[in-house]
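Thanks for asking me to look this one over.

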Amino acid sequence: MSVLIDVILPVFLVIGFGYVVAWRGLFSEGAVDGLMRFAQNFAVPVLLARSIANLDLTQSYNWAMMAAFYSGALISFAIGITGARMIGRNGPESVAIGFACLFSNSLLLGVPITERAYGTDALSGNFAIISVHSPFLYTIGILAMEMVRSSGTGTSLGRVGLNALIGVLRTPLVIGILTGFAIKILTTLTGQPLPHPIREGMDMMARAALPAALFGLGGVLYRYRPEGDAKAIAMVTGLSLMLHPAITYGLAHFAFKVDTSALRSATLTAAMAPGVNAYLFANIYGVARRVAASAVLIATALSILTIWGWLAILP
């Protein structure tokens, strides 16, 4: 019970606070949009850039951990698409539903919960996963969507790949990640750290990122309604909260035998509910928006209990 109270509830209380003030009309939709734009387009990318610039690349990139996490993600993606097709969804809708199974909320939920459970020093594995998360998974999702949409139109595979690459490179999170790697390379080659004012400015922005994003996430979740296909929503929720972390834990612990820190980072990140990006992806293509929105809302609420369970299993 102490884990639930001390680790999980503070994070969800911030989300709940954002939800309540939006519900009561104390924070308008425009204000929520502005806060989320600040968080997702500016503060969170700065947090990612700073965190990746500070990573010890030789220690943080545990490839067995990465393989376990992304194997679970891709298997969930494939099952999500297949399951959606089996319940009568068309190709683009199935890809959007599969993307909701693929894209866990690794940053806004995974980082604060891991930090509260195991401390700041435990986050290197989380940020290693996150540094690949958006570029890799958006590429997979956009490629799958473009291939489905271009089927029968004669669009070349090269054009599909170019569309996917352009879409990925335009996302602020990916820009933040690439900036972090650029800073890391620059400081390594020159042997000089970033100037103190720049580092302090980045630190100030980074400290604002997670509280603002969690509060804004609550405001965004208020708009969602549990509508759409119940079977699709249940499938996304089950794959995201149970199958993805189960595959990750099994591979990391039994097959790859990763160390305790890597096992915690991989499993907890995999155990997070779908992020708002799952809805944004569906919204970009105008398909399965109600299912994606409902799955984000319901899975986020249920994850309070499932995360508690995964924390009890982890060493």
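Predicted model: local features only at pLDDT ≥ 70, side-chain atom pairs only at ≥ 80, totals over all residues.

1. The secondary structure is quickly told. The protein chain has 14 helices and 0 strands.

2. The C-alpha trace spans about 55 × 50 × 45 Å along its principal axes.

3. Burial and contacts come next. Of the 315 residues in the protein chain, 51% are buried. If you take the contacts between residues at least 6 apart in sequence, 84% of them join residues at least 24 apart.

4. For the surface, the accessible area of the protein chain comes to about 13,800 Å², and carbon and sulfur atoms account for 65% of it. As for charge, there are 19 positive and 13 negative side chains, and the centres of these two sets lie 6 Å apart.

5. Is threonine 237 buried or exposed? Its relative accessible area is 9%, under the 20% cut-off, so threonine 237 counts as buried. A polar atom of its side chain lies 2.9 Å from the backbone oxygen of isoleucine 233. Leaving out residues up to four places away in sequence, threonine 237 touches Met242, Ala295, Ile298, Ala299 and Leu302.

6. Threonine 267 sits in helix 12, residues 260-270. With a relative accessibility of 0%, threonine 267 is buried too. Which residues does threonine 267 contact, leaving aside neighbours within four places in sequence? They are Pro245, Thr248, Tyr249, Trp310 and Leu314.

7. Tryptophan 63 belongs to helix 4, which runs over residues 63-86. Why does tryptophan 63 count as exposed? Because its relative accessible area is 59%, and exposed means over 50%. If you want a distance to check in your own viewer, the C-alpha atoms of tryptophan 63 and histidine 244 are separated by 17 Å, with the two residues 181 apart along the chain.

Conventions. Residues numbered from 1 in each chain as written. Heavy atoms only, no water. Helix = DSSP H or I, 4+ residues; strand = E, 2+ residues; numbered from the N terminus. Buried < 20%, exposed > 50% of the residue type's maximum accessible area, 1.4 Å probe, protein only. Contact = heavy atoms within 4.5 Å. Areas by Shrake-Rupley, 256 points an atom, 1.4 Å probe, with all protein chains shown as cover. Lys, Arg positive; Asp, Glu negative; His and termini not counted. Charge placed at Lys NZ, Arg CZ, Asp CG, Glu CD. Polar contact = N/O pair within 3.5 Å; in protein donor to acceptor, adjacent residues only side chain to side chain.
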